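Subject: Handover of a structure

Dear colleague,

Please find below the structure that I am handing over to you. My notes on what was found follow directly after it.

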Amino acid sequence: MTEPVLEVRELHIAFGALKATDGVSLTLRAGEIHALIGPNGAGKSTLIGLIAGSLSPDAGQVRMNGQDVTGQDVAARARAGLARSFQVSAVAPDLTVLQNVVLAVQGARGGSYRFLRRALSDRSLTETATAQIDRVGLAPCRAIPAGDLAHGQRRRLELAMALAQRPRAFVLDEPMAGMGPDGAREMTVLLDDLRHEAPILLVEHDMDAVFRLADRISVLVAGRIIASGTVDQIRADDQVQTAYLGEERLP
Amino acid sequence: MRREPLINLVIILLLLAVPLTAQAMDEPFIVTLATKVAILALAGVGLNIALGLGGMVSLGHAAFFGIGGYMMAVLAAPVQAYEPLMTWPIELAGTKSMPLIWLGAVIAGALGALAIGALSLRTSGVYFIMITLAFGQMLYYFAISWPAYGGEDGIAIYVRNGFPGLNTLDPLQFFALAYAVLLLALLLAHRLGASPFGLALAGARQAPARVAALGIRPYSLKLTAFVLSGAVTALAGALYADLNRFVSPSMLSWHTSGEIMVLVILGGVGRLFGPVAGAALYILLEHLLGGISEHWQFFLGLILLGIVLFARGGLIGTLAGREVAHD
Amino acid sequence: MSAMLLIEQALNGLQYGVMLFLMAAGLTLVFGVMGLINLAHGSLYMVGAFACAGVAAATGSFWLGLAASLAAAAAAGAIVELTVIRRLYARDHLDQVLATFALILVFSEGTRWLFGSFPLYLDIPAALAGPITLPGGIEYPLYRLVLIGIGLAVAAGLFWLIGATRLGVRIRAGEADREMIAALGVDISRLYTIVFALGAALAGLAGALVGALQSVQVGMGEPVLILAFVVIVIGGIGSIKGALVGAILVGLTDTLGRFLLPAAFGTFLPPSEATSIGAALASMLIYILMAAILVIRPGGLYGRV
Amino acid sequence: MNATKTLLAAAAALVTAGAALAEPVKVGMITTLSGGGASLGLDTRDGFMLAVKQANNPDLEVVIEDDQRKPDIAVQLADKMIQSDKVDVLTGIVWSNLAMAVVPAATAQGKFYLSTNAAPSALAGKGCNPNYFSVSYQNDNLHEAAGAYAATAGITKAFIMAPNYPAGKDSLTGFKRFYEGEVVGEVYTKLGQTDYAGEIAQIRASGADGVFIFLPGGMGISFVKQYADSGVGLPLIGPAFSFDQSIIQAMGDSALGVLNGANWSPDLDNAANATFVETFSAEYGRLPSVYASYGYDTANLLLSAMAKASVADADAFRAALKEADFDSVRGKFAFGPSNHPVQDLYVREVVRDGDILTNRIVGTAMEDRGNAYEGECKM
């Protein structure tokens, strides 16, 4: 088996007495979608923060492509190939869709410290950005300020920005949150296609989508992974059923 | 939005027409006032890079304004006194040449902004406001109490510094110089806003976590913008010192910071020509109200209050409508 | 340099610190609960001093003046909150800075209009005038000791108010989550007016108490305002405890710095140069302290950032 | 000034020889009327305008502007007065730092500057100018008076203190110039400092038998109140600025008995002064300060020169000014070689007179004192 793209080893972090992440280990391999599920307050957002670099662990390691990146900050991990989306949309509301995605291309390629040339006159930037916008189906909205987009469109914009980074791994935090059934279906198709570009660590509450997309599922409860396996294994796991699915399954 | 370029054009042409008319009518003082407007507008353009583009509410920009002013005096005073600027480690003479002084002011302003910004940007929001204010105040007290460079008396330069090919003592020619520098700064600020850097900075202002997740450090972006901002404001300070042929710690006081900020907001934050409109309005108000009452600052305060509460977006915002990028 | 002189200077620093605390407490409370930066806080300090001087001159009683200062500053605070400040809660810090900067102009020039340009007279009450002898033979002004006592008592009162009363519960809830207290049925705009007036009254009290030691004049609040900012940056915004620790730290640093630095420079420089350079550095010392604390703890000593 | 005008003026001078000359004089007064320190500028203006009103000379026109105590504003006002109002004479600046910003440029443009207060050493020595006259004093004078008198007042071991800025350093230098005792402590405080507990503790510990302070404005008020309350009780001496009419009311009884060096006092015994104090009090409802007296003298000096020469003839006008042929409220008054006064310096004591506090002369510190920088002045 090949080296995992993303690997987490024995991560610990505590806020006061609360052990938010308590010895978590998991891997993300090329070509797969690895779903991370768990009830509210299980520590999913904390774990994503640790992986992305906005939190530093008390103990443990985060490795990307075999390199230890635990000491690196968010920007450094992003440049090493980690793309993330946020649970609550974080796009620049006053910038247009195109400008937001150009920004993402800039981030991946460098060159943000050019002061006098018009960013939108740089065709190598805009062409890449436009391609990603078209891919997520936002072509008609290119010139609209991101703040004016509908909720579902903003989730797609997030995805376009992640794509424009040309990442080696995606970490997506509830990409379907707040989307209608149609939107969720389209997003599922899009994500299914994405896994060939780079593997995805997917945090999602929409169980239908998770069961359709995931190659593997890990279940996080109270800062610990209580089960990890294929869709069928997880479905059959009693502990998961009682701890989580029984009460949390949503229509 | 359509209307804004037209308004900008009118403002910048008015700023040119007023002193020309005044010169023709033999009212040189109005030329001097217009020069003051141009220079304060330049300081505002500098602050606007931090405030409008970067979202950094700096209440300490008097520090850079004053650093620029002092750079003028420190470089020019030795020439006046026929003494070298320094003899160790290398012997350096001072200079009375504006371009060299400007270069010195820009470098000193940038270094000052680098030091203050590097510390202040460790925080954000209201901390940032208070800390920039406090650092500005620290420089103010330093300038007053340090034995060299005149203390509170400041340094007077008896003859305005020179610019190749111009008689800078002639009010209109000095105005032309300040006006040209202002136009250049406006052009640069415009290009900066649309550049890759400007885009990243706008992102860092509106969604810092996202920009970091894209691989660009918001801290470095903001610090760079703060340094650029400080450098432009320092250039304005050098020109202002040359306008008065004098520099003193009052350039560094927090009231100066407040005034630069007030004129940016009067004109419209984040609007390219906001500082120009704001500086013109501010000077106009100061002179109109000052002629009416000894207590003109009372009325100035009421007018400012009215503008913040009821005319958001400043003068240009009110004339052109529709808020543009600023949060 | 004797140990007694050092103790006396430490007392001076403590007294300076507790007065700074009265200013900083109001600022930090208003920021913590309403998220508002108020540059005009120094004007309320001035209002307190002028009210005390005015009433004391008219009635001959410092204590009536002190009561008037609390009332006048609280009233000024409440009026400003009702007419101007409440329109600013939803605005960004920039609008708050500009509006409260404008308020400084209005307050300062308005006070000058009413009272003229000459400083007013306000003296220490006769009962507290003069020095007393402390254990160890230190002669120390009684009034300054009383100031230390009042400052610490107010601090204790504030801790009690926040920690153990219904108002305190609401204030803490307001700091944590504005929507939550609205949901609890608390009249949020009344709470804001009360908190603002409370902060104003504390500033007015400080102005009146310090006014008896100093010159009561227009603009007296601004240097104190900037020092109060330094205090809450050091202590951590929104934290009363931070304000107390920060204020005493700043008071001690400033007083002892002014005294010790010139002496320290005197060991290797000629006296007149030493005093002048020492004094220059001493005037920057608290800002250097602030920078140092920022490097170690960007959120301040008790900040939540 | 163009040639025709000068010719006309000369012709007029011939025709009306000896009588008052009808060449109008325009005076620009730049002083502090708003913000901190406005009380000093208001007194300067009121004293000056009182003399103008009493003279009722239609040829004298005065333009008054407020410098807000900001040097940059002062410079811009001077530019305006010279360029637009076309004034002949400038006057009125209270503060040395503003004077340093305005005076050299104004005299370089051939304008006269008559100082009603600020007279920094730079303008008395190397930077002196024939068109610059200080009617008040040279900055060091009042400190020198305090220094010269301190030993007489029994201060043999002095603790001396001033804010850490150029005028503060000049002040301590001026005090020490004629002080015959020992200086046991020398402290520079922060400009604008309001709490002096630390310094007072140092005074107590220093073993001094007297204290000299130069703390203008609110700083002085704060210090004197705190000093009185501390119970240190050593004699206090300073320059008149710190204990003048405009501020001693705010010090209250704390100021009683404080000595201060001055060149004028309301009880100075001469006819001009009696008239001045009486008319000023009647006109404005308060006692005049030293600033008001300087403003009054400056206007009278100017009027005396106008009676002798046309301002169009700069040399003659300058000579007329230099004669100082007017009834000064200080009694005797003459200009020395650097256009600064040669005058008697006194020491006053703060006393209570009915409801108000005022100053009374207790002794003469120096007679016919010029200043320490005259030797460096080459003109």
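**The parallel sheet of chain D**

In chain D, five strands make up an open sheet with parallel pairing, in the order β2-β1-β3-β4-β5. The edges are held by β2 (60-66) and β5 (132-134) of chain D; each has a single partner strand, so one side of each is left without a neighbour in the sheet. From one strand to the next, the twist averages 20 degrees. Please bear in mind throughout that this is a predicted model.

Within this sheet, strand β1 (residues 25-31) of chain D is joined to β2(D) by seven bridges in the parallel sense.

Helix α12 (residues 290-308) lies across β1, β2, β3 and β4 (112-115) of chain D, and runs at about 145 degrees to β4(D). Helix α3(D) lies across β1, β2 and β3 (89-91) of chain D, at about 165 degrees to β1(D).

**A residue to look at: Val75(D)**

Helix α3 of chain D spans residues 71-85 and contains Val75(D). Is Val75(D) buried or exposed? It has 24 C-beta neighbours inside 10 Å, and 20 or more are required, so Val75(D) counts as buried. Leaving aside residues up to four places away in sequence, Val75(D) touches Ala101(D) and Val102(D), and also Asn244(B) and Phe246(B). Ala99(D) is 24 residues from Val75(D) along the chain, and the C-alpha atoms of the two are separated by 9.2 Å.

**The antiparallel strands of chain D**

Further along chain D, strand β12 (residues 341-353) has several antiparallel partners to consider in turn. Strand β10 (residues 259-262) of chain D pairs with β12(D) over four bridges, in the antiparallel sense, and Gly261(D) stands opposite Val347(D). Strand β11 (residues 334-335) of chain D is joined to β12(D) by two bridges, again antiparallel; here Phe335(D) stands opposite Pro341(D). These two strands, β11(D) and β12(D), form a hairpin with five residues between them, and Asn339(D) in the turn has a positive phi of about 65 degrees.

Strand β13 (residues 356-369) of chain D runs antiparallel to β12(D), and 10 bridges join the two. Glu349(D) has Arg360(D) in β13(D) as its bridge partner. β12(D) and β13(D) also form a hairpin, with two residues between them; Gly354(D) in the turn has a positive phi of about 65 degrees.

**Chain A**

Chain A has an open sheet of four strands with antiparallel pairing, in the order β2-β1-β4-β5. Its edge strands are β2 (18-28) and β5 (67-68) of chain A, each of which pairs on one side only. Strand β1 (residues 6-15) of chain A pairs with β2(A) over eight bridges, and Phe15(A) has Leu18(A) as its bridge partner in β2(A). Helix α1 (residues 44-52) of chain A packs on this sheet, where it touches β1, β2 and β4 (59-64) of chain A; its direction makes about 60 degrees with that of β2(A).

**Chains B and C**

Chain B has 13 helices and two strands. Its radius of gyration is 19 Å, close to the 20 Å given by the globule rule for 327 residues, so chain B is as compact as a globular protein of that length. Of the 327 residues of chain B, 62% count as buried.

In chain C, helix α3 (residues 62-83) has 22 residues and reaches 31 Å from its first C-alpha to its last, close to the 32 Å expected. Its buried residues include Phe62(C), Leu66(C), Val80(C) and Glu81(C). Among the elements that cover the buried residues of α3(C) are α2 (41-59), α4 (93-115) and α8 (188-211) of chain C.

**How the chains meet**

Which of the four pairs of chains in contact share the most contacts? They are chains B and C. The contact between chains A and B takes 31 residues from chain A and 22 residues from chain B. On the chain A side, the largest share, seven residues, comes from α3(A). By class, that side has 19 nonpolar, six polar and six charged residues. Chain A does not touch chain C, and their nearest C-alpha atoms are 13 Å apart. Chain A does not touch chain D either; there the nearest C-alpha atoms are 34 Å apart.

Yours sincerely

How values were computed: Residues are numbered from 1 along each chain as its sequence is written. Chains are lettered from A and ligands numbered from 1 in the order in which they are written. This is a predicted model: local features need pLDDT of at least 70, side-chain atom pairs count only at pLDDT 80 or more; totals for chains, interfaces and linings use all residues. The radius of gyration is taken over C-alpha atoms; the globule rule is 2.2 Å times the number of residues to the power 0.38. A residue is buried if 20 or more other C-beta atoms lie within 10 Å of its own, exposed if 12 or fewer, and partly exposed in between; C-beta atoms are placed from the backbone. Two residues are in contact if their C-beta atoms, placed from the backbone, lie within 7 Å. Ala, Val, Leu, Ile, Met, Phe, Trp, Tyr, Cys and Pro count as nonpolar, Asp, Glu, Lys and Arg as charged, and the others, Gly among them, as polar. The expected span of a helix is 1.5 Å times one less than its number of residues. Two strands pair if DSSP finds at least two bridges between them. Axes are lines fitted to C-alpha atoms, for helices over the stretch in contact, and angles run from 0 to 180 degrees between N-to-C directions.
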